[in-house]
Amino acid sequence: MTQYKCNACGGEYEDPLPDGMRYFHTCPMLDRVRVRRDGQAIDIDPKDQQPADVEIRRLSIERQGHRDENVNPNDRDDRQRARIRKEGAGRRELRERE
Amino acid sequence: MALSAEEIKQLAPALAPHGLYVEGDDYLLVSAINTVASVVIVIGGRMVQPNGRPKPFQDELAATADRVVATKAINLGDGWLQEITVIARGAAPIVGQTFVRVDLVRGAGAGRNVHGTLIQGPVTAFMRAAWPGSPVQTTIGLPGALRSLTGTNPAANVEIVETVPTGARWRLLSFRATLVTDANAAAREVAITFDDGTTVYAEAAAGVNQAASLTRQYTATRGGVRGAAATGTGILIAIPDLRLAAGHRIATVTINRQAGDDFGAPQLLVEEWLEGA
């Protein structure tokens, strides 16, 4: 079993899992809110909202380097293995679990 | 008096009354979806050749562990197909983790015609699927495989998100995660949300707050009653009984989350069906 760290979100996970099944990491989305401030529509972190802001809508956006290891069955390599949906910023190996 | 080859060919249906006649352009198309590493699908059977002699056959298909369909076309030559059996080898999948279909097709390439489905059902390292004999089953018609899995341990100030993998269908039975709060004074409240990859369709809140510098274990389970331990550190969240399709997500949402608040890796108990992709 190998432990990995996602370079985009910093999450740590094992793949494959101890039961022999693969784990497909996906980065969490970022919460944003679109507000009207001084006549302009801007997307901000919800915690940066100001009392005078007019909320337009809540958004869920991908972080920079967003990684999605779920496979795309319509995108295969030379050996007909399905590729992951989004490589993003990649991952690095932390350690091998005994 | 010896029979000619033509006479044997004419008599062969009587020798193999329950066989399916196949010829050079006909193939067995073996398809498998699977979740366990190192599984090899072994297909075996027996033909009666035009000369009346039985001929066993065996072949293998390496199944990928990503729930994506793997296929192999097997040419049987001329004769009467008598029986087929399929079993898993190389690993020990439980019922619901490896599913096989065997079709009789004409042509080996993408433009092939499917004449019939002979086998469609689960296999394990012990349990075979067979033709004739086994019923043609759907992948979601049987109880799913139970899995206890560890998700991603997010960085501090990042919520937990677990995605139902491609080709799977989940029923979440239990979810447990630990939240350690930093020293900033704030009344955090944790909720579990379910979305379709974009839009949240269910949300269940803890109903109790977690203050600064505390460690609490959140357990979300269907049929549970919302509540917190009187002196312990457990907090129970009641969640609905939902079936989650591939790409749907289970996530935490923490109101008043602070920069140093840190979730541990979640542990999930799910019932999983193979949908295939």
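This is a predicted model: local features need pLDDT of at least 70, side-chain atom pairs count only at pLDDT 80 or more; totals for chains, interfaces and linings use all residues.
Reader: How many residues does chain B bring to the contact with chain A?

Author: Chain A takes part in the contact with 24 residues, and chain B with 29 residues.

Reader: Which residue of chain A forms a salt bridge with B:R147?

Author: The rule finds one salt bridge across the interface of chain B and chain A. The cut-off for such a pair is 4 Å. The closest N and O atoms are 3.8 Å apart, and the partner of B:R147 is A:D19.

Reader: Which strand gives the most residues to the side of chain B that touches chain A?

Author: Two strands of chain B, β10 (145-150) and β11 (161-163), each supply at least two residues of that side. With four residues, the strand that gives the most is β10(B).

Reader: Which strand supplies the largest share of the lining of the largest pocket?

Author: The largest pocket holds about 1100 Å³ of space. Its lining comprises 34 residues, with A:L30, A:D31, A:P46, B:V253 and B:R257 nearest the centre. Among the strands that each supply at least two lining residues are β3 (30-37) of chain A and β19 (249-255) of chain B. The largest share, six residues, comes from β19(B).

Reader: How many charged residues are in the lining of the second largest pocket?

Author: The second largest pocket has a volume of about 420 Å³. Of its 18 lining residues, those closest to the centre include A:R79, A:R81 and B:D66. The lining divides into seven nonpolar residues, four polar residues and, as charged residues, seven.

Definitions and conventions
Residues are numbered from 1 along each chain as its sequence is written. Chains are lettered from A and ligands numbered from 1 in the order in which they are written. Side-chain values use heavy atoms; hydrogens and water are left out. Contact means heavy atoms within 4.5 Å. A salt bridge is a side-chain nitrogen of Lys or Arg within 4 Å of a carboxyl oxygen of Asp or Glu. On a 1 Å grid over the protein atoms alone, a cavity is a set of points where a 1.4 Å probe fits but cannot get out, and a pocket is an open set with protein on both sides within 12 Å along at least five of seven lines; lining residues have an atom within 4 Å of a point. Grid points are joined across faces, edges and corners, and a volume is the space filled by probe spheres set on the points. Ala, Val, Leu, Ile, Met, Phe, Trp, Tyr, Cys and Pro count as nonpolar, Asp, Glu, Lys and Arg as charged, and the others, Gly among them, as polar.
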